[in-house]
Amino acid sequence: AFYFRALSNEESSRIMILFQTQPLITLMLAYLFLKDTINQYQLLGFIFILGATIGISLDKQKAKFRLSRAFFLILLATLFWAVAAVVFKFVVDSSSFIKLISYESLGMALGGLILYIFFSSFRKAFRKTQKNLRKIILAVILTNEGIFLIGRFFNYLAISLGPVALVNVVGGAQPFFGILFGYILTLYAPKIFKENISREGLTKKIS
């Protein structure tokens, strides 16, 4: 919910850059609960990543710099996802990988059900959307969610095989895909997808 709220207010490539706060939170949680160690290189990387995510989320208004709302929304989203990753690593040796993935998927389904039952705004929006949903849009949503679930599967598979903090750091390649796709889609489908692809905008994101 926090992720989609942030996405509705900010460019998707910027959101992917802000997601780099997840390795930081995961590293801290892994240190506290999984007894992972933090060396000087990880600490230096921690400072660089934090500086970059703060830099990309600064809004210049009336000669004052302030953090964007998307930054705090993504910080909350990554906190929850980091907790999920650490909990998964904590229990990964207690059962089979497929069984744990099934539990994780069930958790997502129950989370959606809780939102539907206890939050009337979600329930009304869901019913309204269902009435006006065309087949082509439903196909796009199903494809998107399918890709998302495949990504989650490989993410948790990687967590089961190695240090959870390392898996999150390697995921740091994601923003470059986001910047590339954002550039291509803005060029070829500007009515649907529009991002800042000026030299200044791209330089800031890549930096």
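1. The radius of gyration used in this note is taken over C-alpha atoms, and the rule for a globule is 2.2 Å times the number of residues to the power 0.38. By that rule, a compact globule of 207 residues would have a radius near 17 Å, and the protein chain, at 19 Å, agrees. The C-alpha trace spans about 50 × 45 × 30 Å along its principal axes.

2. The model is predicted, and local features need pLDDT of at least 70, side-chain atom pairs count only at pLDDT 80 or more, while totals for chains, interfaces and linings use all residues. Residues are numbered from 1 along each chain as its sequence is written, and side-chain values use heavy atoms, with hydrogens and water left out.

3. Helices (H or I, at least four residues) and strands (E, at least two) are DSSP runs, numbered from the N terminus. The protein chain has eleven helices and two strands. Their order along the sequence is α-α-α-α-β-β-α-α-α-α-α-α-α.

4. Accessible areas come from the Shrake-Rupley method with a 1.4 Å probe, and for residues only the protein chains shown count as cover. The accessible surface of the protein chain is about 14200 Å², and carbon and sulfur atoms hold 69% of that area. A residue is buried under 20% relative accessible area, exposed over 50%, and partly exposed in between (1.4 Å probe, protein chains only). Of the 207 residues, 27% count as buried.

5. Two residues are in contact when heavy atoms lie within 4.5 Å. Among contacts in the protein chain with a separation of 6 or more, 68% join residues 24 or more positions apart.

6. A nonpolar core is a set of buried Ala, Val, Leu, Ile, Met, Phe, Trp, Tyr and Cys residues joined through side-chain atoms within 4.5 Å. The largest such core has twelve residues, including Ala 6, Ile 15, Phe 19, Phe 71 and Ile 74. Helix H2 (12–18) and helix H5 (69–91) each supply at least two residues of this core. H5 gives the largest share, four residues. Ile 74 is in contact with Tyr 3, Ala 6, Ile 15, Leu 18, Phe 19 and Thr 21, leaving aside neighbours within four places in sequence. Another core lies apart from this one and has eleven residues, among them Ala 30, Ala 85, Phe 88 and Leu 100.

7. Helix H3 (residues 21–33) contains Thr 21. Thr 21 counts as buried because its relative accessibility is 3%. Not counting residues up to four places away in sequence, Thr 21 touches Thr 53, Phe 71, Ile 74, Leu 75 and Thr 78.

8. Gln 22 also has its place in helix H3. With a relative accessible area of 14%, Gln 22 is buried. Beyond residues up to four places away in sequence, Gln 22 touches Thr 78, Trp 81, Ala 82 and Asn 168.

9. Ala 30 lies in helix H3 and counts as buried, at 0% relative accessibility. Leaving aside neighbours within four places in sequence, Ala 30 is in contact with Lys 35, Asp 36, Val 86 and Val 164.

10. Ile 101 lies in helix H6 (residues 97–118). At 14% relative accessibility, Ile 101 counts as buried. Leaving aside neighbours within four places in sequence, Ile 101 is in contact with Phe 88, Phe 153 and Tyr 156. The C-alpha atoms of Ile 101 and Tyr 156 are separated by 7.9 Å, and these residues are 55 residues apart along the chain.
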